[in-house]
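Colleague: I would like to go through the terms used for this model one by one. Please set each value against its definition.

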Amino acid sequence: MTDEANDASPRTVPLRGDELRRPRPELRVDSRPEFRVDRSTSSAGDERLQKRERKYLTVLAIALGFSQGCALCFYVGSGGYYSALMSDDEFFVHACAYFYLPPLVVTFLQLLVDHRFDQRFNIRTVIRCRILFCSLGVAACLAALGIVTLGGFRPGLDTDVFVIGVFLGCFAAALLGASCKLFGAVDPRFVPYLVLGQTAAGVYTNVVARLLGFQPGCPPSIAATFFGVAAGTVSLITVGYQIFNCCNLMESTYQHHELLLSVRSTISIAVDTPRTSTAPTTDSLSGSEASTGSTEARQVQGLPQSERHLRSGCCSRRGPLGFPLLCWSMALVQTLAIAMNMSLTPLSNQVAHGEYNLSQELLLIKLLSDFCGRSIFLVLPRPSRSKTWSLPTGILAQGMLVWFIELLRLPLWLSVFLWATGSDLPRFLANQNVLLWPVWLPLISTGAMSSSWAFVISVTFAPEELKGYANLLMSCSVYLGFFLGICIALFVI
């Protein structure tokens, strides 16, 4: 092939035999596209969303978080009631295992295959169907719990509760992942509102339980009403979400997701495209090598100086699935925080040493502690990509601080864990007031706070085109923490 012919058809190369000719990108460095989100047209921050729409999205984020939280809080809040009804101290541990372990598979599948469905179908339709289907599933499962509990104790009731718990946990996990992806990709600051709504459901559970008199030994009709209130609440929120869609109040949000999806698709196509021909010239070889070695550098060049510094640092090196190492670090610390909390929650009867009323009190205060921790996080300085190690807003410094908080929680966690296993070493926990307020409440609340903190740091640091999937990564780490915590609790009993 002559140089003139090569210049005349820069996007095609001759193939041997009867192979078809297909277009290929030029091998010159300056001809490669720059893969970055156009920040002037994106809708991810204060400059990209109008104030009115941001208010609507904030309300909706809290509402969807509240809906998912109702599944978790009403199920967990019934632990003392079911343990007393079954006269089984280990029932709640097994109930938590059925509720929290299967969803780990759901969140992993979301992380691995969600983008394929997003690319194959209209992403706004996919997101809407996911949230509607999962919300209705949560409402149906809560209603089913009320129905099976209405008849009081009977043989097979434990199996019914376990089976419903599996479906309820899977629907709740899928709803959390879809909601975090919907809002987190637009602006990481929406995620704390989502989680705040989730933990506000814990306060709501406390109020409903105390108003109805739901406690161990209460009549089955009160227990059925308890779950019926939860099912009705989730149904109302689902209707509200559909109204938001019908009124086109989320148009900018869906447009932003479509933009991010197109950028991700463009990057995938470029990475998968071969860069060399069957008979390359010397110039082509040098251009291919330069193109291969400088793709990341070209992406960084088009970014602001502060973000360019972050992407060139050690914490921004890409790990598995293309996420920076800092994102994986925050996923790990969130897993640790959740695991420490979750390893003690199913052991509430063991921590209470068989006192069902104290066990129920531990569960209800646990839900309140989650709300306190998430609320405290909202007043903390927001992590900034314009700074790295400088406190209070440096994103890398905040990441180190989250790890430090988890180290400080270890002595409290170890004390309660030893007390649950029957050790006499932490005898100061024999006083219920000491156990509940100076130990249990700060232990659980700091875990909830550090979990939210790690979530926002990870999503903030993630590249623009991966923000939606960074939310799925962190949701997956939440359920990995549940898995590890449940395994520790099962080992104890």
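Colleague: What makes a residue one that lines the second largest cavity, and which lie nearest its centre?

Modeller: A cavity is a set of points on a 1 Å grid over the protein atoms alone where a 1.4 Å probe fits but cannot get out, and a lining residue has an atom within 4 Å of a point. By that rule eleven residues line the second largest cavity, and Ile-123, His-257, Leu-260, Leu-261 and Tyr-469 lie nearest its centre. This is a predicted model, in which local features need pLDDT of at least 70 and side-chain atom pairs count only at pLDDT 80 or more, while totals for chains, interfaces and linings use all residues. Residues are numbered from 1 along each chain as its sequence is written, and side-chain values use heavy atoms, with hydrogens and water left out.

Colleague: Which elements give two or more residues to that lining?

Modeller: They are α10 (251–272) and α18. The most comes from α10, with four residues. Helices here are DSSP runs (H or I, at least four residues), numbered from the N terminus.

Colleague: How does the lining of the second largest cavity divide by class?

Modeller: Five of its residues are nonpolar, two polar and four charged. Ala, Val, Leu, Ile, Met, Phe, Trp, Tyr, Cys and Pro count as nonpolar, Asp, Glu, Lys and Arg as charged, and the others, Gly among them, as polar.

Colleague: Why is Asn-471 called buried?

Modeller: Buried means under 20% relative accessible area (1.4 Å probe, protein chains only). Asn-471 has 0% relative accessibility, so Asn-471 counts as buried. This residue lies in helix α18. Leaving out residues up to four places away in sequence, Asn-471 touches Cys-180, Lys-181, Gly-184, Ala-185, Val-191, Phe-455 and Val-459, where contact means heavy atoms within 4.5 Å.

Colleague: Where is the kink in α5 centred?

Modeller: The kink is centred on Val-113 and is about 50°. The bend at a residue is the angle between axes fitted to the seven residues ending there and the seven starting there.

Conventions
1 Å grid on protein atoms, 1.4 Å probe; cavity = no way out; pocket = protein on both sides within 12 Å on 5 of 7 lines; lining within 4 Å. Buried < 20%, exposed > 50% of the residue type's maximum accessible area, 1.4 Å probe, protein only.
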